[in-house]
Amino acid sequence: MNAYASAPVDPESTATLAERGLRLAVLDADDEAGLKRWLLADARGFHEVTPTEGTLEVQVEDIATDRVTGVWDASQADPETPVATIRSWEMGLTVPGGTALGTWAISSVTVSPTHRRQGIARAMLTSELRTARRLGLPIAMLTVSEATIYGRYGFGPSARQSSYVVDTQRARWTGPTPAGRVQFVSPESLLADGPAVFERTRDRSPGEVDRREIWWKRTLGLLPNEPDAHKRGIRAVRYDDADGAIAGFALYEIALQNVSHPGQLKLVDLVAATDDAYAALWRFVIEMDMVNEINAGLRSVSEPVAWQVSDHRAVRKTSERDHLWLRILDVPAALGARSYAAPGDYLLDVADDLGFAQGRFLLTVAADGSGQAHPLTGTAPAGSVEVALSAADLASLYLGGTSAVDLARAGRITEKSPDAAIRLDTALHSAYAPHLSTWF
């Protein structure tokens, strides 16, 4: 069993909820019936259809290695089904510089409509943060359905995602001609070959997280017990470079309009370890016969493909929104894990209502881009960049995709030295826009 799954239940939140007649507990991985009831409560919380027995069996496999936590009310008509759910596990987060930092992933946060505004969500989330800190993890993270909830717990939006529509009738390819070749492969082959390609992309993808095996099976349409899995029209292509080595792949589906052509291509996933692979795979889908439109979701806010077609307006960003939210729990450990773009001394005066990240911290960045941080009780070195900010805003800045200047102009950062926000932006800048290609 993973250490995080067997960690003790947080005593503070347990006591808080017990005073209200509620029980906070972590489910045993062998309690299949309990896990299924938890999953039913989770689906109800997100207003999803009630899962079938076959779907529940797949989902139990999905969550069995996680820390599955719930809140139970013994006084309700169905005391065996939790009134609130939350799930967590340790997962690698790519930070600027390419390191995959061990981070506390939180998911499945629901509270039954019958038990809202009783402090349950707060008890669960603070319990998760204290558990992560006890496990020695410097950051917690989640993807959110509602953007108004998590700032009060010190989370900040750190990576954004965009959806694109490509008009293939206007998007004549003008980018490079790749030296390798694109070929069709089975989805099953990418279950074996895809993860290694994905790992090769992560040094250019701050904000990316580990993709678990169950994610690959679901995305590739290899979970037959899930609804409509047999109807999925997933097509898989692989790009091999000039030396014959796999360097990227794409997954897509095509939907015919009014049972006729032309159709719409839904780009499910496109992973490229090299610029050559990126160009080859985008060119392949853009030049697809009998397709007049590509819909691509969960993409980076900055996609080079718009510069690889004759009509820049043919690649249209249809939405952009927050996606990955981070919560820094250990400031020195988090700041020391990533790389920086400008040397110097940076004094961060961090306010944190929950206390995890509270304090004054001196970040020293060396000429090679490495950084070390420690609490500072005295005066900062001469010439230091000094700012005051909240833990949530520090989290938003952490991956290098949020502007410190914007936050300063918005009144969220206080500059305590000349041009502090500009200089901090320069240090934190990531050459690659933070991007998370999945939900969790």
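Is serine 108 buried or exposed? I began my notebook with this residue. At 8% relative accessibility, serine 108 counts as buried, because the limit for that word is a value under 20%. I note that the model is predicted.

**Entry 1**

I located serine 108 in strand 4. Its phi is near 55°, a positive value in a residue other than glycine. I then looked up leucine 298, which is found in strand 11. The phi of leucine 298 is likewise positive, near 55°, and this residue too is not glycine. For background, I recorded that most residues other than glycine have a negative phi.

**Entry 1: the chain as a whole**

I counted 11 helices and 17 strands in the chain. The radius of gyration is 23 Å, close to the 22 Å that the globule rule gives for 440 residues, so the chain is as compact as a globular protein of that length. Along the principal axes, the C-alpha atoms fill a box of roughly 65 × 60 × 35 Å.

I next looked up burial and found that 52% of the 440 residues count as buried. The accessible surface of the chain comes to about 19600 Å². Carbon and sulfur atoms account for 49% of that surface. I also looked at contacts between residues at least 6 apart in sequence; 72% of these join residues at least 24 apart.

**Entry 2: isoleucine 294 and threonine 168**

I turned to isoleucine 294, which has its place in strand 11, residues 291-299. Isoleucine 294 counts as buried, at 0% relative accessibility. Which residues does isoleucine 294 touch, not counting residues up to four places away in sequence? I listed Tyr164, Val165, Val166, Thr168, Leu265, Leu267, Trp282, Val285 and Ile286.

I also recorded a separation. Isoleucine 294 and alanine 366 are 72 residues apart along the chain, and their C-alpha atoms are separated by 44 Å.

Threonine 168 lies in the loop between strand 6 (156-167) and strand 7 (181-185). Its relative accessible area is 13%, and threonine 168 is therefore buried, the limit being under 20%. Leaving out residues up to four places away in sequence, threonine 168 touches Ile286, Val291, Asn292, Glu293 and Ile294.

**Entry 3: helix 3**

Which residues of helix 3 are buried? In this helix, residues 53-63, I found Thr55, Leu56, Val58, Gln59, Val60, Asp62 and Ile63 to be buried. I then asked what covers these buried residues. The cover includes helix 2, strand 2 (67-73), strand 3 and helix 6 (213-219).

**Entry 4: cavities**

How many cavities of 30 Å³ or more does the structure hold? I recorded 2.

The largest cavity has a volume of about 70 Å³. Its lining consists of Leu335, Tyr346, Leu348, Leu363, Leu394, Leu397, Tyr398, Leu424 and Leu428. By class, I noted 9 nonpolar residues, with no polar and no charged residues. Strand 13 (344-351), helix 9 (391-398) and helix 11 (420-428) each supply at least two residues of this lining. Helix 9 gives the most, with 3 residues.

The second largest cavity has a volume of about 40 Å³. I listed its lining as Ala41, Arg44, Gly45, Pro82, Val83, Ala84, Thr85, Thr110, Val111, Ser112 and Pro113. This lining divides into 6 nonpolar, 4 polar and 1 charged residues. Helix 2 (32-45), strand 3 (84-94) and strand 4 (100-111) each supply at least two residues. The largest share, 3 residues, comes from helix 2.

What is the volume of the second largest pocket? I recorded about 610 Å³. This pocket is lined by 27 residues, of which Arg204, Ser205, Ala272, Tyr278 and Pro304 lie nearest its centre. The lining of the pocket has 11 nonpolar, 8 polar and 8 charged residues. Helix 5 (187-201), strand 10 (260-272) and helix 7 (275-286) each supply at least two residues of it.

Definitions and conventions
Residues numbered from 1 in each chain as written. Predicted model: local features only at pLDDT ≥ 70, side-chain atom pairs only at ≥ 80, totals over all residues. Heavy atoms only, no water. 1 Å grid on protein atoms, 1.4 Å probe; cavity = no way out; pocket = protein on both sides within 12 Å on 5 of 7 lines; lining within 4 Å. Points joined across faces, edges and corners; volume = space filled by probe spheres on them. Helix = DSSP H or I, 4+ residues; strand = E, 2+ residues; numbered from the N terminus. Nonpolar A, V, L, I, M, F, W, Y, C, P; charged D, E, K, R; others polar. Rg over C-alpha atoms; globule rule 2.2 N^0.38 Å. Buried < 20%, exposed > 50% of the residue type's maximum accessible area, 1.4 Å probe, protein only. Contact = heavy atoms within 4.5 Å. Areas by Shrake-Rupley, 256 points an atom, 1.4 Å probe, with all protein chains shown as cover.
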